[in-house]
2 protein chains.
Amino acid sequence: MMQTGSQDSVETGNADYIRMLNSGVVLSTIHSHEPISRAAIAKHTGLSRSTCSLIADDLLQRNLIREIGKDKSSGGRRGVLLTMNYDAGVTVGARLLADSVDCAVVSLRGDVLKHRSTAISYHADVDTYINVLCRAVSETIEEYHAVSPGMPVFGIGLGLSGLVDSASGESVASSILQWDHIPLASRAQEQLKLPVYIDNDVNTFALGELWFGHGRGVDSFLCVTVGEGIGLGVVINGAIYSGSHHGAGEFGHTRISDDPQAPRDALGIQGSVEAFSADPAVCAYLEQQIRQGASSLLEAQSGEISIDQAAEAARRGDALALEAFNRAGKYLGIGIANLISLFDPEMIILGGEGCAVRDLWQPAMEETVREQAAYGLHRRVRWKSVEFDDDLWVRGIASLVLKEVFEGRAQVRD
Amino acid sequence: MMQTGSQDSVETGNADYIRMLNSGVVLSTIHSHEPISRAAIAKHTGLSRSTCSLIADDLLQRNLIREIGKDKSSGGRRGVLLTMNYDAGVTVGARLLADSVDCAVVSLRGDVLKHRSTAISYHADVDTYINVLCRAVSETIEEYHAVSPGMPVFGIGLGLSGLVDSASGESVASSILQWDHIPLASRAQEQLKLPVYIDNDVNTFALGELWFGHGRGVDSFLCVTVGEGIGLGVVINGAIYSGSHHGAGEFGHTRISDDPQAPRDALGIQGSVEAFSADPAVCAYLEQQIRQGASSLLEAQSGEISIDQAAEAARRGDALALEAFNRAGKYLGIGIANLISLFDPEMIILGGEGCAVRDLWQPAMEETVREQAAYGLHRRVRWKSVEFDDDLWVRGIASLVLKEVFEGRAQVRD
DNA sequence: CTTACTTTGTTTGTCTATCGTACAAACTAA
DNA sequence: TTAGTTTGTACGATAGACAAACAAAGTAAG
């Protein structure tokens with residue numbers, strides 16, 4: 001044999017494949033309907049009772065699920081209830097930020113068991129950053145193991161902003177960390193001696209919602225995050241969509257204004273959603289208005305205004321601050337209405353740091369969406385929002401590992 | 001049995017499913033690499049030679065493929081070459097427009113064999129429209145059968161603008177035909193006694209490109225059509241994406257301007273791509289500028305200006321007309337740059353009636369995209385465009401039927 | 001022309017996963 | 001106690017994929 005041939009990357013089926021497929025279906029049915037009996041799984045999935053039994057036995061042997069007591073009777077023999085085996089081990093999620101690493105141990109239930117933040121000097125070089133990152137992860141695991149000794153760790157998830165090639169484990173481009181084609185996953189894996197998975201942080205946020213949050217059982221939805229930037233995680237057919245070059249979901253950099261005076265975002269793009277509605281944009285707008293003589297509680301402020309100060313002023317009734325948040329909401333609404341027109345999602349989930357002040361911008365956002373969405377599609381969208389919580393970020397990132405575990409690729413010891 | 005149970009719509013696998021899957025893979029390998037031998041198919045797909053042989057025999061028996069002579073020898077026994085059996089039958093595609101029906105017989109190769117347009121009185125009621133439509137289809141088939149008697153017709157595809165539920169065969173909402181929840185497919189099927197499939201016309205355009213055009217073998221791409229409106233067909237993972245409520249791809253109605261003076265589109269949305277860049281928008285802009293006293297070759301024009309007149313003036317060097325097309329291109333560029341940021345497609349295909357004057361707006365469009373796309377993602381997009389041709393629309397619509405045939409759901413007689 | 005070597009397509013036997021049916025166990029209600 | 005349900009398992013049938021063996025058909029060298 002000279003060469004294996006040019007193997008197109010098409011998915012073909014065989015007995016193994018079909019078992020993997022059905023196994024995954026059974027597992028996710030248990031995950032989303034637990035506790036549930038074998039017979040009920042059969043009804044839900046359309047698989048035969050015998051097949052479900054065989055698969056369940058297999059999952060029990062692999063220690064991925066557990067039997068816990070019996071169901072109520074529905075007229076006959078009581079079913080044996082199955083649940084995920086959430087105590088089989090834990091996962092780790094770490095969020096890579098410009099000046100710190102947020103690291104957490106997360107249970108298979110999605111509970112954050114240990115969470116710590118480690119400072120990193122701004123613009124540290126790549127080697128230093130990776131070293132500090134790995135030490136932070138190791139120490140977090142050690143601290144956790146001091147309390148729960150011997151608990152297996154399935155793997156480490158890393159989340160960062162920018163373009164990330166999750167398949168190859170490479171950070172392709174990151175505006176915050178200034179990284180360019182860094183083989184992050186393999187380098188971290190070398191040091192940590194555990195499987196490492198990486199992805200864009202907004203994608204992982206969406207993944208967390210898909211596994212644990214509002215997105216459970218929802219086929220396609222969008223996660224819009226508001227904060228330092230504006231992010232978008234796209235879930236289509238129950239899977240993250242990241243485009244052909246890992247660049248899908250750059251919602252913050254889409255333009256919604258043709259005004260030559262419009263502000264610019266971090267990438268220098270003018271009139272983008274981020275340039276109007278991200279936290280820094282709100283602050284910059286306020287500073288500019290005050291410089292131009294607008295009256296506000298904040299004008300006493302010397303120099304830069306923080307988003308917290310702006311929110312406080314707005315809550316005290318400051319007209320200028322209220323208008324600044326309104327404006328942000330309005331432009332975010334234009335962008336989100338565009339998303340609805342393009343993706344027609346089943347659900348939109350709002351998240352991110354900016355949700356802490358959601359009450360200040362959401363009304364304006366919703367009004368704009370109502371005015372603008374084509375064919376009234378916005379009325380069919382289910383809206384959800386998550387209270388801001390750092391745990392949600394790391395939980396989502398840890399879900400990267402979870403996906404491997406639950407899809408049967410990770411081996412679970414006793 | 002009280003009820004069948006709540007059958008989630010998850011895809012489970014069994015022996016039939018896997019054969020269908022592999023059959024489809026083999027067929028599409030033949031389609032994209034024909035003529036090709038059984039052994040070469042095995043190399044391409046990763047399936048074993050014996051499986052490929054069995055599947056090929058099955059396809060031969062079902063008359064979907066043919067053996068045509070032998071391959072050149074590559075050192076040993078010569079392989080038997082297989083191709084699609086393009087002569088097994090034909091399909092029909094009909095495009096439903098406000099005042100006419102475009103109907104064509106299309107070969108399995110994608111060639112348009114017979115094409116005719118039938119006028120329909122503007123705003124005819126639903127019953128009348130469907131009757132005229134069905135008669136137009138029947139007559140087109142008859143005319144074709146007069147030349148090629150006895151050729152089997154696999155089915156009819158119908159394409160129309162607006163929201164279309166292709167699964168249930170319902171036209172949910174159509175701004176052009178003023179239809180609301182019309183069970184179009186079943187009603188046409190009753191009269192025509194042939195399987196009828198329907199979808200949004202831009203989706204079918206994309207489908208045509210996926211099967212026959214630039215999209216062959218491309219995993220995810222976007223089709224942007226410019227004309228009376230601005231449309232978008234989204235292909236993700238080799239399949240049309242139409243959203244949760246059939247509303248995905250309403251690109252024309254996304255907003256790219258916050259100017260309170262911005263024009264409105266057919267749905268009344270202000271500052272949308274369609275309001276700036278569709279053909280009527282270009283004409284309206286010209287008329288407005290002339291009313292305001294701008295000088296132009298077109299000012300002699302009494303009343304309305306057509307897009308053809310505008311194009312002619314531009315080609316003669318008329319500064320105002322040139323600027324009008326430039327402006328349309330610039331705004332389309334903003335919209336397309338947004339699409340790149342959101343979808344990160346492998347390829348973008350430009351089509352539609354407006355492509356007849358593409359030279360007048362494309363440079364401005366491309367320049368805007370270059371300036372604006374985040375992370376330079378636009379450089380990785382492959383650009384294609386199709387010369388405007390009415391045949392492309394009906395070919396795409398007929399592909400709806402083709403999909404059924406090639407995926408093995410339609411039965412092929414001898 | 002003969003021989004050695006390749007490649008293709010088919011045949012055969014083995015393996016595995018699903019499914020339907022049958023059946024025992026477990027439970028309810030009359 | 002009995003009749004009827006529901007659950008979980010066991011067993012045989014079926015179907016698909018695959019590997020290995022094999023015959024057919026070709027090439028190339030001597």
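Me: Which part of DNA strand C is 2.5 Å from an N or O atom in the side chain of Ser53(B)?
Reply: A phosphate oxygen of DNA strand C lies 2.5 Å from an N or O atom in the Ser53(B) side chain. A polar contact is a pair of N or O atoms within 3.5 Å; within protein, one must be able to donate a hydrogen and the other to accept it, and residues adjacent in sequence count only if both atoms are side-chain atoms. This is a predicted model, in which local features need pLDDT of at least 70 and side-chain atom pairs count only at pLDDT 80 or more, whereas totals for chains, interfaces and linings use all residues. Side-chain values use heavy atoms, with hydrogens and water left out.

Me: Which elements give two or more residues to the surface near DNA strand C?
Reply: In chain A they are helix H1 (15–33) and helix H3 (49–61), and in chain B helix H2 (38–45) and helix H3 (49–61). Helices are DSSP runs of H or I with at least four residues, and strands are runs of E with at least two, numbered from the N terminus. H1(A) provides the largest share of that surface, 4 residues.

Me: What about Ala39(B) and Ser50(A)?
Reply: A polar backbone atom of Ala39(B) is 2.9 Å from a phosphate oxygen of DNA strand C.

Me: Changing topic, how are chain A and chain B related?
Reply: A rotation of 180° with 0.2 Å of shift along its axis superposes chain A on chain B, with an RMSD of 0.2 Å. The copies are therefore related as by a two-fold rotation axis. The superposition is by least squares on the C-alpha atoms of residues with pLDDT of at least 70 in both.

Me: How many residues does each chain give to the contact?
Reply: Chain A gives 65 residues and chain B gives 64, contact meaning heavy atoms within 4.5 Å.

Me: How many salt bridges are there between them?
Reply: The count is 0 salt bridges, each defined as a side-chain nitrogen of Lys or Arg within 4 Å of a carboxyl oxygen of Asp or Glu. There are 28 residue pairs in polar contact between chain A and chain B, both residues at pLDDT 80 or more.

Conventions: Residues numbered from 1 in each chain as written. Chains lettered and ligands numbered in written order.
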